Amino acid sequence: MIQATTTPRPAMSASRVCALLLATSLLSGCATQPSWPKPPTGHAQAPHPESPFTEIENRIATDHGTDRSGFDLLERNDRALRWRLSLSASARHSIDLQYYVWFGDQVGRLIMYRVLDAADRGVKVRILFDDLNTMLHDMTHVELRDSLLARIDRHPNIEIRVFNAWQERSLFGRMFGVATDFERLNRRMHNKQMIVDNRAAIIGGRNLGDEYFGLNPAFNFHDLDVLGVGPVARQASQVFDRYWNSDWVRRIPKGEAGDQPSPDDELGAMARAELLRHPSLQALNAAGTDWRTPLAGLSATLSAGASQVHTDSPSRAPDVRNHTPEAFRALMRSARREVLITNAYIIPDSHFMDDLRELGQRGVGVRILTNSLASHDVPAVNSHYQTWREPILATGARLHELRADAAVQGEIVDLPPLRAGFVGLHTKAMVIDRERAFIGSMNLDPRSEILNSEMGVIIDSAPLAEKLARRMERDMGPANSWEVTRDTEGLLRWRSEAGELTRQPARSLWQRIENLVFRFFPANLY
């Protein structure tokens, strides 16, 4: 989690992880729970009247009703990072963070510094992340990582828990665990949220790492979160508590009692100063800004609306089905005029295709944006998606694929002066009739449908839905995406401002080779 990295992560790391899991899955055995004790039950603090978000929430309740929250789209990567820093600095009582991935890179360490600052002020912090990622993104520093996390966990105001924990913490022990307990370890927590003072929450698609905030030189994601103030925070807290207290969660191991930070520790003053010399963080003024200041103008940016936060059960019982896909499809089927979908990873199932056909028969206009092979960070997904292009078009839906050189890369994705090698799509969103919106963590693929847990928020707010719809239409435009069509002979064509292609765009021959090879791997692996 918080082991510093000095080189950009390659775009194909997820594919290599998938190959590792596939190779070991043939040896899978019985699913078992971690052997060390389940931690005590805990719950989110009640919203305190002396929170900087109280006045904002009261204003929303007075103007729009007590069941309404205020929402602001966090599309720009710089704004998404700024608001996480602002919420951390503004917290008075509690911070709850639930994430699938928390890298130890520039963004991961910067946010951890701010969380530690809040804990030093007396703010109670709960951190819950998926334990898969304490190993797979830096396999050479497993023990180092656990040691550092244990030190953070010993802070009197911080508690760290992990979902679906490794029983053996060493690298060899974890690899053996994958080989012998694959059924359990294949269930991962993909949820992503941050809740402050039980009054403000950020929910969406971003993990905590450089590429989700425009700081990875190799590639950066075009992603989306939503900031909400009001009852939506309590709905998000219910999700957090459900996982925090589940049988699938354990506390991070304590480590050695004498394990103390060194003078040049990566969470110390020297490391912090070095981090803040990063050119993009200097341009963001990450060191000098009073991050509480943005709250003063927040009310003016909020769109009021009712919300429902959905999640899946943490359980992996045979009779438990994931709920979030069902909520998503019910919202999709409710459309009367228009459906706009932006989703990074699409491998449809029969239910989704049936819904597309039914919407087309009713005359509902459907437009979908996903990754092209060229913009993909995981070509393995494209290997299985590509066979669905023609069936999707046959339903009457329009299909768009992000360009790796999309115009939005320079406008809202990369943090200047950095310019990444390419831009990829990581957004998971939908707008229905420009009245309701879904924003969350759920991809439209078998892993999200069946294996992982997901979460998302459905927001009933015409102003917010209209804002999101306009941004989705911009992304579907020829400066940012290829529209996939069929010519008079039924052959696929890709059209954008860059011209017309007769085969899918790719960044390299190697990417095309990967795309071919991964067709022979199971679609539900990725």
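Helices (H or I, at least four residues) and strands (E, at least two) are DSSP runs, numbered from the N terminus. With that numbering, Pro417 falls in the loop between α15 (408-413) and β14 (422-425). The model is predicted.

**Aromatic pairs**
- The structure contains eight aromatic pairs.
- One of them is stacked: Phe163 and Trp248 are 6.0 Å apart centre to centre, with 15° between the planes.
- Phe163 belongs to strand β4 (residues 158-163) and Trp248 to the loop between α8 (231-244) and β9 (249-251), so this pair ties together parts that are 85 residues apart in sequence.
- Both Phe163 and Trp248 are buried.
- The ring planes of Phe328 and Phe438 stand at 90°, with the centres 5.2 Å apart, so this pair is edge-to-face.
- Phe328 is in helix α11 (residues 324-333) and Phe438 in strand β16 (residues 436-440); the pair links distant parts of the chain, 110 residues apart.
- Phe328 counts as buried because its relative accessibility is 3%, under the cut-off of 20%.
- Phe438 also counts as buried, at 1% relative accessibility.

**Aromatic cluster and charges over rings**
- One aromatic cluster is formed by Tyr212, Phe219, Phe221 and Phe422.
- Arg206 sits over the face of Phe213, 5.8 Å from the ring centre.
- Arg403 is placed over the face of Trp482, at 5.8 Å from the ring centre.

- Six of the six residues of β4 are buried, and the strand is mostly covered.
- In a regular strand the side chains alternate between the two faces of the sheet.
- In β4, Ile158, Ile160 and Val162 point one way, while Glu159, Arg161 and Phe163 point the other way; all are buried.
- β4 pairs with strand β3 (residues 124-130) in the parallel sense, over six bridges.
- Within that pairing, Phe129 has Val162 in β4 as its bridge partner.
- β4 and β9 run antiparallel and are joined by three bridges.
- Arg161 has Arg251 in β9 as its bridge partner.

**Surface patch**
- Leu509, Trp510, Ile513 and Val517 make up a nonpolar patch on the surface, and their accessible area together is about 430 Å².
- Val517 is located in helix α18 (residues 509-517).
- The relative accessible area of Val517 is 41%, so this residue is partly exposed, between the cut-offs of 20% and 50%.

**Backbone features**
- The peptide bond from Pro416 to Pro417 is cis, and its omega is near 5°.
- Asn164 has a positive phi, near 55°, and is a residue other than glycine.
- Asn164 is in the loop between β4 and α6 (171-180).
- The relative accessible area of Asn164 is 0%, so Asn164 is buried.
- Arg434, likewise a residue other than glycine, has a positive phi near 55°.
- The place of Arg434 is the loop between β15 (428-432) and β16.

Terms used: Residues numbered from 1 in each chain as written. Predicted model: local features only at pLDDT ≥ 70, side-chain atom pairs only at ≥ 80, totals over all residues. Heavy atoms only, no water. Phe/Tyr/Trp six-rings, centres within 6.5 Å; stacked < 30°, edge-to-face > 60°. Buried < 20%, exposed > 50% of the residue type's maximum accessible area, 1.4 Å probe, protein only. Lys NZ or Arg CZ within 6 Å of the ring centre and 35° of its normal. Patch = residues over 30% accessible without salt bridge, like charges linked within 9 Å, V, L, I, M, F, W, Y side chains within 5 Å. Areas by Shrake-Rupley, 256 points an atom, 1.4 Å probe, with all protein chains shown as cover. Salt bridge = Lys/Arg side-chain N within 4 Å of Asp/Glu carboxyl O. Pairing = 2+ DSSP bridges.
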